[in-house]
Amino acid sequence: MTLQAFDLCVERGGHTVIEISELTVEPHRVLTLIGPNGAGKSTLLLTLAGLLKPHHGSLVFRGQAIDSARARAAYRKHLAMVFQEPLLFNTSVFENVASGLKLRGKTGKIIRSTVEKNLEQFGISHLAHRSARTLSGGEAQRASLARAFAIEPEIIFLDEPFASLDAPTREALVDDLHAILCETKTTAIIATHDRMEALRLSDTMAVMFQGKIVQIGSPEDVMNHPADEQVASFVGTETILTGTVSKIYDGTFLLSIAGAELEAVGVVKAGERAVCCIRPEHVTIHTNTPSAHSSARNFFKGIIVKIVPMGLFYKIYLDCGFPLVSFVTSQSLEHLELQEGKTVVASVKATAIHVIKK
Amino acid sequence: MDLILEGIKKACVLLFTLDAEVLRITLLSLGVSGTATLISLILGISMGMLIALKEFPGKKFVISTINTGMGLPPVVVGLFVSIFLWRNGPFGFLGLLYTPAAMIIAQSIIATPLVMGVSVAAIQHLPKNLRYQILALGATRLQMMWLLVREARLPLLAAVMAGFGGVISEVGASIMVGGNIKGYTRVLTTATVMETSKGNFDIAIALSIILMVLAFAVNAILTYVQQQERPR
C-alpha cells in the first residue's frame with residue numbers, strides 16, 4: 001500500500017469539510033475522486049498530499065506515519081501536484097520544468113537531460129525557451145505536467161487538471177496523461193468532476209459528496225452499480241425510478257412503477273420498496289414491437305417528448321407513463337425517423353437495471 | 001524666471017565642480033535614505049509576507065492599520081522618535097538624537113508601512129494555490145517564501161520605489177531628529193529648507209534639482225529592472 005488515510009477530518013470555519021474513515025491508495029494505480037463542485041475533492045487532495053493539516057486523523061505513507069511537520073516535509077519530496085491553473089513561474093518553460101529538480105538539489109547535467117526528456121514526452125520541446133507567460137492554456141498545462149513528472153514522483157496528485165481547457169485540448173492531454181501514467185507506473189490521485197475523464201484514467205473511482213466518500217470501486221462497478229440515488233444521478237444514470245416489488249420470480253422480480261411493471265434482477269422481498277436505475281445506453285428504441293425472440297424482458301410503449309443533440313449521439317426523452325431516457329446515434333435517429341411526438345417502443349434488459357433497496 | 005535659471009546654472013556649477021559640501025550632503029542623503037529603504041525592505045517584506053500568508057483573528061484590522069501607516073505624516077514620526085531618543089526618553093541613553101542613525105530610524109519607520117502594505121497586497125495577489133504548488137515541488141518553507149517573493153518581484157520593486165521615494169523626499173522627521181547639523185546630519189531636503197529660509201533661492205533650487213535628479217535616477221534604474229521583468 002502506498003498511501004493510507006485513517007479517520008481523516010478537516011474543518012474549515014468551524015465546519016467539517018472532510019470526513020473519511022479509511023482510504024487506501026494502491027501502488028501504481030490511478031484513483032480518481034469524482035463528485036460535484038464543493039464535494040471536498042480538492043481539500044482531500046491537499047490533505048492527502050500533506051499540504052493541509054487535518055483536524056484529526058492520520059496519513060501513512062509506505063508504512064510510515066506522517067504525523068509531524070518534518071514528516072510532512074519529507075513526504076512531500078516523494079510527490080508532485082498539478083492544479084487546475086498551471087501555476088507556472090514567471091520564467092522560461094525549461095526553468096519551470098527544472099524547478100522541482102533544482103529544489104531537490106540536482107545538478108546541471110541531470111537537470112538538462114531530465115527536463116529535455118519530459119519536455120519531449122509532453123510534446124513541448126519547441127517551447128523550452130519561451131516565457132511561461134506567453135503559453136496557451138493547453139501548452140501551459142503540458143508544461144505543468146512535465147514539471148510534475150520531471151521529479152519522478154512516487155505519487156502524483158492532479159486537481160481538476162483539464163477543467164479549464166477546451167474539449168479537443170482536454171482530450172489530447174487526457175490521452176497523453178493516460179499513456180504516461182501507464183508507462184511510468186506512477187501512482188496517481190486525480191480529482192475531477194468529469195466522469196468521462198475519470199472513466200478514461202481510473203483503476204479505482206471514489207465518489208464524494210459533502211466531504212465523504214460515498215462509494216469506492218472499479219469504474220465499471222461505480223457506473224453500473226451506484227450505491228444510492230445521488231451517486232446514480234452523478235454518474236449519469238438518467239432514469240431513476242422508485243417502486244414496490246410486486247412479484248418474485250426465480251432470480252428476477254417485478255417492480256410496479258406508475259402503473260407499469262419492470263422486470264429486474266436482484267434479491268428482494270415482495271412488498272419491498274426499491275429504486276431502479278437505468279442508464280440511457282441500456283435503453284433500445286424500436287419503431288415496432290420487437291420480435292418475441294428478443295432477450296430483453298422489458299418493453300414499454302412511449303411517446304418521444306424531447307430530442308437533445310449531444311454531439312455524436314442524441315438523447316431521447318420518452319414518456320412511458322414514467323420518464324425514460326435513451327441514447328441513439330444520428331444514424332439510428334435518421335433510420336428510425338425519430339421525432340418529437342412519435343410513438344415508439346423502448347426495451348431494457350432485466351440485467352441492465354440496477355436495483356437499490358430502499 | 002531669472003531666479004529659476006540662476007538656480008539651474010548654480011546647480012550645474014555645484015554638480016560639475018563637485019562642490020565638497022554638496023557632494024557630502026548628497027552622499028549622506030543617499031546613505032541615510034538607502035539604508036532606511038533597505039531596513040524597511042527587510043522588515044516590510046518579511047512581515048508583509050507573514051501577514052499575507054497566515055490566517056489569524058484580526059487580520060483585516062492589522063492590514064487596515066498598515067495601510068493607514070502608508071500615509072504616516074513624517075513630522076509625527078519625527079516627534080515620537082525625538083521623544084524616544086530624547087536625553088530623558090526611554091532610549092536617551094543611546095545618545096542617538098541628532099545623528100544620522102536617528103534619521104535612519106525615523107525614515108525606516110516612515111518607509112516600512114509603505115513596503116509592508118505593498119508586500120501584503122503583492123503576495124495576496126498571487127494565486128492561492130501557488131504556495132501549495134511550490135511546497136509540492138519539494139520546497140522548504142524558506143524556499144517557498146523566496147520563490148513567492150521572486151514571483152511578486154514586479155509589485156515589490158514598486159514597493160522599493162515607493163519606500164525610497166517616500167524617505168528621500170521627506171524633511172519633517174529628518175530635521176527634527178537630525179537637526180540639520182552641517183557636515184554631520186545635513187541632507188538635501190533639510191539643506192533646501194535652510195537655504196530657502198535664508199533667502200538663498202539659487203542654492204535651494206540647485207539642491208532641489210540635485211534631489212530630483214537623484215530620485216529620478218534611482219527610480220529610473222528600478223523602473224528599468226521592473227519593465228525588463230514584465231511579462232510580454
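**Domains of chain A**

I began with the distance between the two domains of chain A: the centres of domain 1 and domain 2, taken over C-alpha atoms, are 38 Å apart. I note that this is a predicted model. I then looked up the bounds. Domain 1 of chain A covers 3–233, and domain 2 covers 237–357.

Next I checked how the two touch. I found seven residues of domain 1 of chain A in contact with six residues of domain 2 of chain A. On the domain 1 side, helix H9 (residues 229–234) of chain A gives the most, with three residues. I sorted that domain 1 side by type: two residues are nonpolar, three are polar and two are charged.

**A sheet in chain A**

I traced an open sheet of five strands in chain A. The order is S13-S12-S11-S14-S20, and the pairing is antiparallel. Which strands stand at the edges? I got S13 (260–265) and S20 (354–357) of chain A. Each has a single partner strand, so one side of each is left without a neighbour in the sheet.

Strand S12 (residues 252–257) of chain A pairs with S13(A) over six bridges, in the antiparallel sense.

**Where chain B meets chain A**

I turned to the interface between the chains. 15 residues of chain B are in contact with 22 residues of chain A. I asked which elements give two or more residues to the chain B side. They are helix H6 (129–136) and helix H7 (141–151) of chain B. H6(B) supplies the largest share, six residues. By type, the chain B side that touches chain A holds eight nonpolar, five polar and two charged residues.

**Ala36(B)**

Last, I looked at one residue. Ala36(B) is in helix H2 (residues 20–53) of chain B. Is Ala36(B) buried or exposed? I count it as buried, because 26 other C-beta atoms lie within 10 Å, and the cut-off for buried is 20 or more.

I then listed the contacts of Ala36(B), leaving aside neighbours within four places in sequence. They are Ile104(B), Gln107(B), Ser108(B), Ala111(B) and Val167(B). I checked Ala111(B) by C-alpha distance. Ala36(B) and Ala111(B) are 75 residues apart along the chain, yet their C-alpha atoms are separated by 7.4 Å.

How values were computed: Residues are numbered from 1 along each chain as its sequence is written. Chains are lettered from A and ligands numbered from 1 in the order in which they are written. This is a predicted model: local features need pLDDT of at least 70, side-chain atom pairs count only at pLDDT 80 or more; totals for chains, interfaces and linings use all residues. Helices (H or I, at least four residues) and strands (E, at least two) are DSSP runs, numbered from the N terminus. A residue is buried if 20 or more other C-beta atoms lie within 10 Å of its own, exposed if 12 or fewer, and partly exposed in between; C-beta atoms are placed from the backbone. Two residues are in contact if their C-beta atoms, placed from the backbone, lie within 7 Å. Ala, Val, Leu, Ile, Met, Phe, Trp, Tyr, Cys and Pro count as nonpolar, Asp, Glu, Lys and Arg as charged, and the others, Gly among them, as polar. Domain bounds come from an automatic or database domain assignment. Two strands pair if DSSP finds at least two bridges between them.
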